[in-house]
Each structure stands twice: as structure tokens, then as C-alpha cells.
Amino acid sequence: MKRLITITILLLAATVFVTVKYFDNLKMSGNHSADVISSIPSSAAVVFEFNNDASFYDIYKNSPLFASLLGSDRMDELHMLRKGLLNNASAQSLFNAQDIFLSLHPQGIDSIEYLFTTASSGAFSNEAITQMKLKPTTLGSKKAYVFQPDSVNREFYIVERQHNVWSGSFSKTLLQESIDIKKSLPANFDLISDQQHSTSLGNLYVNYQQCGLLLNNLYKSEDSDLWKGLFKLPANTSLSLNYKSDALLFNGFTTFKGNSPVSYMDIFRNMVPIELTLQNIFPVTTAYSNVYGISDLAAFKELLNSWQQKAHLVKDKKALFNKIKTESGVQFDSEFNKLLDNEFALVTTRFQERIAIIKVKNGAALRPFCNNISAMLTEDIGQFNFNQVPMYLLGDVLSGFRKPYFTIVDNYLVLGNSQREVSNFRENYFGNLFLSKQSDFREFSNLLAQRCNVSYFINFKNAGYAFKRALKREYADAYNAEPGFKNYYAAAYQLSASDKQFYTNLCLKINTPDSLNTNGN
């Protein structure tokens, strides 16, 4: 009996010791990660964190997921940096199992550079400097090194940012920006919790407003419906990577900054997630889309009005609908609000047709009100006589439809900027030519959250046609390179309201072997 008690006490003591050490290590890891990420310049749009452990590389070594995302040139650079620096025999012990932060930064008006930031367990020895063929140099007041990876035609610069915290980049300008950060600068991103961090394959941090600047460097024009409203969010997102062999799946939270400016998206973080259905009627040619879900119509109208007041739009809104009432006899905003249902969407096709789809409770009841404020071109298609009606009814995301053409099919009000756009939608609708009829789409949809408030979607094959015209030449070529984004089937970014923040899901799914021959028309 005494022996049993003794063994029990020893096991209990061992359990307590292991538990204390585990959480102590988590705390140390979390503090170190905070030191490292606070060394990244605030210009970072996206930061991907992963552990420099053999198991991470083994999981993805034969996978096309990252190669298709980054392209062959960037993958070659990353491979050579890992081989020549992180895995160099003389320095491997310094970086083994350390967290690596890879951040993307807009540079100038048409360039994007990336920065490595990590910690080491000690300083470089003279032997390591010699074996890695590092050339001493200086950046500002900091001692730095130049590394020339094999088979890469540009130099990589390395500097010790603070004690055992290192930054490296192919861009001297970006690295200098990193050096100029004051140590007291707080982390620009909310770190994943220590417990979640310990079980995650990798973590993704998103700074929305910097993403907007980064994407401006890709596009010929700043206006892109694909990201409508998203990159004006005064918020950061922290997501964890979950393993799947044919998809990159991330989930986590989008956190709004304190005293943040008003954003249109504030409306939807005050909602409750709902099941979205409009994607079921997207035309087979859909390149990308945004869907917005309303759980409480009365609250939506009140929140929209509050946002429009802060945006100084209410005076013009009242003047517009008073004018409509005077000239047509219809109080259109009141009649529309009575019939509005719980979803609306913005859709761009591969031909760069742009349509809005608004779900209503009774299309037949709405039709005469729309007819009264429009010039009818056919029995089923008309054009609004008044400017910016959709924007004042539903918000900023529909500002691109100034005097739209419209049609009503069943319980959907469809808007376009040309008669042909709404006519094409009718042909697809009544011909049952929907993206949702394809097996790839259904398979992709099974990976997504069932309920959310805002959903961004891209079909990469159809989007390739639109991006060829919208992206700057260098980035359009990269999009269609092999490997490249064209190897992905689709991506979705979902925001679900949760305690005035957004629970966030990101999914990028690679093509199934035969999908390149079966998607689209």
C-alpha cells in the first residue's frame, strides 16, 4: 500500500512538473515571438509564420500548394535560403525549431518585396560566417552581411535587428526600414494565443489597410470589385493553418483597432452569421464575387443610415428620394426596404461584366416600383432614371452602379451597367448555367463555413481572363506562370460576426487533376 502511495505521489509530482514546464515554455515562446514580430515594419501587408522544423517541410515537400501560390522563382529563392543559411551545418543549431516570419511589403508604386525575420539561439561564429560565405557590410549603424545564394541572381542582406533577432531581405531599402524601427514599437499584429500557437502548422497575419496598398501595386487601376470594402477595414487578422492535402485552410479572428474610423463593414460585424444562398445562382462565367448577409433588416437599415450620416451622405440621399417621389409618385426607398430580403451580391464575370444581385421577398411586387423610376427598354429590362439609387439603398459597395440597367427574375433584382450584362444573366439563369452545378464548386463549398456575413470568392480559371486585362503586365504573366495561381481552383474569404469582431476563414483549393478541362466555358 505504501509503495502504491509513493508511486502515485511521484506520478503526480511528475505531471505537475511537466505541466509547469509546458506552460513556462509556451510563455517564453510567446514572449520571443512578440519580440520578433515587433521587429517587422508596419508596412507589412501579410505575414506568414512557420516553424523551421523538418516536420513542416516534410508535410509540404511534395505539395503544389505553396509553389502555386508563390511561383517558381520565389520558391527557388526560399529553397536556396533554407539550404545556404538555415540548414547550413555551421549555423543549423542556431535556427533549428525557431519561428520564421515571412512578410510581404509594398515598395514604391509597382513592386512587392519580402522580409525574413527570426530569432537565433546565439550569434554567428567566425566559422559559420566563413562557411556560409557571408560578406561583412553595414546598413546604417548596424553590422550586416551579404549572402549570395547559389543559382539566384540577386544578393540577400542580413542584419541582427536586436539581440539574436535577425532580419533579411533581397531589398536593402526594406531591410533599412526594418532597422529604423524603434525597439519600443508594439507588435503590429495580435499574436495567435500560446496554446493555439503550439498546435498550429503555421500562422497568417493580415493588415487590411496595407493589403490595399500592396494590391494597388498589382492593378492597373485601384478599383477592384473583388476586394470591395475589405481593405478599408481598420483591423488586423490572425489565422492558424490547418492541414489538408489539397487546400490551404486558415481560420482565426479579425480584430478591429481601438478608436478605429468608421467602415462600411462595421454594419456586418453587428449582425449574426446566416446561411448564404446567392452563390447558387452565380453564372457559370463568374470570376469573383462578394456576398453580404443581413440577419436583421431593421438593424441593417439603422446601421446603414448611421454610417451614411458619418460619411455625410444623408442630405444627398434624402434629396434623391424626394426627387424620385416628386417625379414618379413613388417613395422608392420605403417600398424597396419593405421588400428587401437578407442577401445581396456583387459579381464580376470572366468577360469583366459586373452585376449586382439583390434578393427580395417578392419580385412581382417590386417590379412596378422599378418600372416607375426607369425607362423600359424591353418588357423585362429597363434603366433607372436616377443616379446612385443602389448605393444609397445598400451602401458603398454598390457605388459602381450609377444609373444601372435592371431586370427582375423570380425574387432577384439584378443590376448591370449595360443592357447586355443583365440580358446575359437572364440567359444563364433560365438556361440553368450556374457555377454551382459543377462538381468542383460543390467540392470546394464543402470546405467552407456554412454561415457567415460577408463572403469573398474567386474562381481562378475564370478570373485569369479578367486579371489579364486588370493586372499590370508583370503580375498578369506571373498569374499565368507554371506553377502559379492558375493551378488553384478557387479561394474564399469569409467573415462571420462574433462579439463585434469577425471570425475569419480563408480557403484556397488546388485543382483536382481533371478540373483544368472541366471548369468554365
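Asp, Glu, Lys and Arg count as charged; Ala, Val, Leu, Ile, Met, Phe, Trp, Tyr, Cys and Pro count as nonpolar; the others, Gly among them, count as polar. The model examined here is predicted. With these classes, the lining of the second largest cavity divides into three nonpolar, four polar and two charged residues. That lining is made up of Pro283, Thr285, Thr349, Glu353, Ile355, Glu421, Asn424, Phe425 and Asn428. Glu353 and Glu421 are in this lining, and Glu counts as charged. Helix 15 (residues 419-430) provides the largest share of the lining, four residues. The volume of the second largest cavity is about 40 Å³.

Rolling a probe the size of a water molecule over the atoms shows where empty space is left. In this structure, four cavities of 30 Å³ or more are found. The largest cavity has a volume of about 200 Å³. Its lining consists of 14 residues. Leu85, Leu86, Phe116, Thr118 and Phe156 lie nearest the centre of the largest cavity. Two or more lining residues each come from helix 4 (72-86), strand 3 (111-119), strand 6 (156-162) and strand 7 (165-169). By class, the lining of the largest cavity holds 10 nonpolar residues, four polar residues and no charged ones. The lining of the second largest cavity, by contrast, includes two charged residues.

Charged side chains were then examined for pairing. Side chains of opposite charge can pair when their charged atoms come close. Across the whole structure, 12 salt bridges are found. One of them joins Lys359 and Glu343, with an N to O distance of 3.8 Å. Lys359 belongs to strand 13 (residues 354-360) and Glu343 to strand 12 (residues 340-349), so this pair ties together parts that are 16 residues apart in sequence. Both Lys359 and Glu343 are buried.

Asp246 and Lys244 also form a salt bridge, at 2.9 Å from N to O. Asp246 has a relative accessible area of 18%. Asp246 therefore counts as buried, the limit being under 20%. Lys244 has a relative accessibility of 27% and is partly exposed.

A further salt bridge links Glu427 with Arg420, and their closest N and O atoms are 3.6 Å apart. Glu427 is partly exposed, at 47% relative accessible area. Salt bridges also form a network, which links Arg74, Glu77, Glu113 and Arg154.

Terms used: Residues are numbered from 1 along each chain as its sequence is written. This is a predicted model: local features need pLDDT of at least 70, side-chain atom pairs count only at pLDDT 80 or more; totals for chains, interfaces and linings use all residues. Side-chain values use heavy atoms; hydrogens and water are left out. On a 1 Å grid over the protein atoms alone, a cavity is a set of points where a 1.4 Å probe fits but cannot get out, and a pocket is an open set with protein on both sides within 12 Å along at least five of seven lines; lining residues have an atom within 4 Å of a point. Grid points are joined across faces, edges and corners, and a volume is the space filled by probe spheres set on the points. A salt bridge is a side-chain nitrogen of Lys or Arg within 4 Å of a carboxyl oxygen of Asp or Glu. Buried means under 20% relative accessible area, exposed over 50%, partly exposed in between (1.4 Å probe, protein chains only).
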